[in-house]
Amino acid sequence: MDKTFYISTPIYYPSGNLHIGHVYTTFMCDVIARYKRACGYDVYFLTGMDEHGQKIQDKAIESNVSPQAYVDTMATSITSLWKNLQISNTDFIRTTQPRHEKVVQEVFSYFLKNGDIYLGQYEGWYCKPCETFFTNSQLVDGKCPDCGREVSKEKEDAYFFKMSKYTSRLLDFYASHPSCVTPSSRLKEVVKNFIEPGLEDLCVSRTSFDWGIKVKENPSHVVYVWLDALLNYISALGYGSEDPKNFEKYWLNGTEKVHVLGKEITRFHLIYWPVFLMALNIPLPDKFVVHGWIIMKDGKMSKSKGNVVYPEPLIEMYGMDMLRYYLLREIPFCEDGVFTPEKFIERCNADLANNYGNLTHRSLSMMKKYFNGVIPHYMGHVNEFDEALEASLQLAKKTFFEKMDNYDVTNAIAAIFEAIDKANKYVDDTRPWALAKDESKHDELKSVMNHLANTIYTVSVLLSPFLYEGTKKALDMLAIPDNLRNYQALDKGFNNLDGLKISDEITPIYARLDASVEIDRMKEKIYTR
Ligand code: ME8
């Protein structure tokens, strides 16, 4: 049977335009999905929108349209963003789609019937003008956090999910699957702070607004957005529908199922989601990858600070590769990282233009000049530097696969760029321009050119999930046939490319950015879309 791979992003709230934080998660999933496809997996890559809840209803009122009209407009804009960014998702789920709403209602009914959900009373601090309940910790100086007015203790009917019943099962699950969360520190935190003290029952219905999925048995209640939203991960696969074949293939019998998410929604994913799945008797995912935040010099991105960075102007100015590369390389895997225009320019120049771009441009230009563009045959280790170059490429490849198999995209790219750096040093050490002047060094020159062609070829194939524009350009300039543009072909060795004729057109892959101009231009453009 085929190896399958399921990967999801969180479904984003359409309460505003998506920014580079959302793009970061989606890029990460896209790169992993492309990598897994390249490794021969049948991949299901899911993203989508979380369209219900008070926040969205308020946004619609603000924009003077119905909530449905509001989310429809946002869906058009978000799907076109992913299309422009060439995101390779298999599906796009919206929680207002009938295929999803039906599953949520049926799951709620099932939980009610088997006693996991019961009708109880919600007690909290109520703000009459805002028609909203708050918990003790949400109050600001004992007053409503939204309008600042007095609040009163009130009760209302609400449905609860019996989380408490699942405490020990969840602890057992994590004890026997300690590596299902990356990084493991996130799991430790959740276990210590929330699961070990005992789970509290969760209020899973609301009556204070109606933009949500109605509880069939009691339509004045709508389903709590997180119960609604989390179920997207299986409703998209056709769980509970007449056509559950994707659910069976990718989830029930799937080889690997991975959720990628930002650290602020860890609790929902590590507690509620597994418990809901246990209550449904469905196998749990294999992995939760919890990444950090992209922050600005002055802290979190926020509309009120005016420091939210949007992807569109960055793509328009610098193309796709630079933003993908920068975000995935610069933000340390599973940690927070700061976005600055200065760093963006510096990273792109140093790694893309000067390192990878320069290696390719100078090597291919010499190939043209010295060998009429024909890649010389592999002759083993001819000069004293050949063996070390091969070894460094081998090591980079091994590290790349190891890191990618652990979803550590940042260190996977870092390993390849280290090899590229070494290859540039190899050019400096072997000095092909000097070898070309000496007839007796012809074999050495041939070997250098063969090694460079193979290095550029290898790193370009490996990096293609990350830099699909630049690597395609490099592989096109090398005139690599389609049947060699895959991971399996890389195992064939350095005689893979013997005698291939490269393209006549050798141009730089990436433009070098002029910091003195670009930093100001970025500052002017990136905060609006
Ligand atoms: O939480 N840095 O949606 P959301 C890195 N609808 N990643 C960021 C980020 C930042 N500054 N800002 C956002 C929701 N993200 C729910 C999810 S899932 C069943 C429901 C990314 O629109 C990151 O992945 O607030 C984060 O977890 C997600 O966007 C939050 O998106």
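The ligand is surrounded by 23 residues, where a residue counts as near if one of its heavy atoms lies within 4 Å of the molecule. The closest are Ile 11, Thr 25, Asp 50, Glu 264 and Ile 294. The model is predicted: local features need pLDDT of at least 70, side-chain atom pairs count only at pLDDT 80 or more, and totals for chains, interfaces and linings use all residues. Residues are numbered from 1 along each chain as its sequence is written, and side-chain values use heavy atoms, with hydrogens and water left out.

By class, the shell around the ligand holds twelve nonpolar, nine polar and two charged residues. In this scheme Ala, Val, Leu, Ile, Met, Phe, Trp, Tyr, Cys and Pro are nonpolar, Asp, Glu, Lys and Arg are charged, and the others, Gly among them, are polar.

Polar contacts are pairs of N or O atoms within 3.5 Å. A polar side-chain atom of Asp 50 lies 2.7 Å from a nitrogen atom of the ligand. On oxygen atoms of the ligand, a polar side-chain atom of Glu 264 lies at 2.8 Å, and a backbone N or O atom of Gly 262 at 2.9 Å. Taken alone, the ligand exposes 670 Å², of which the protein buries 91% (Shrake-Rupley method, 1.4 Å probe).

Elsewhere, four strands form an open antiparallel sheet in the order S5-S4-S6-S8; strands are DSSP runs of E, at least two residues long, numbered from the N terminus, and two of them pair if DSSP finds at least two bridges between them. Strands S5 (132–134) and S8 (202–203) are the edges, each pairing on one side only. Strand S4 (residues 117–127) pairs with S5 over three bridges, and Tyr 126 stands opposite Phe 133 in S5.

Note on methods: A polar contact is a pair of N or O atoms within 3.5 Å; within protein, one must be able to donate a hydrogen and the other to accept it, and residues adjacent in sequence count only if both atoms are side-chain atoms.
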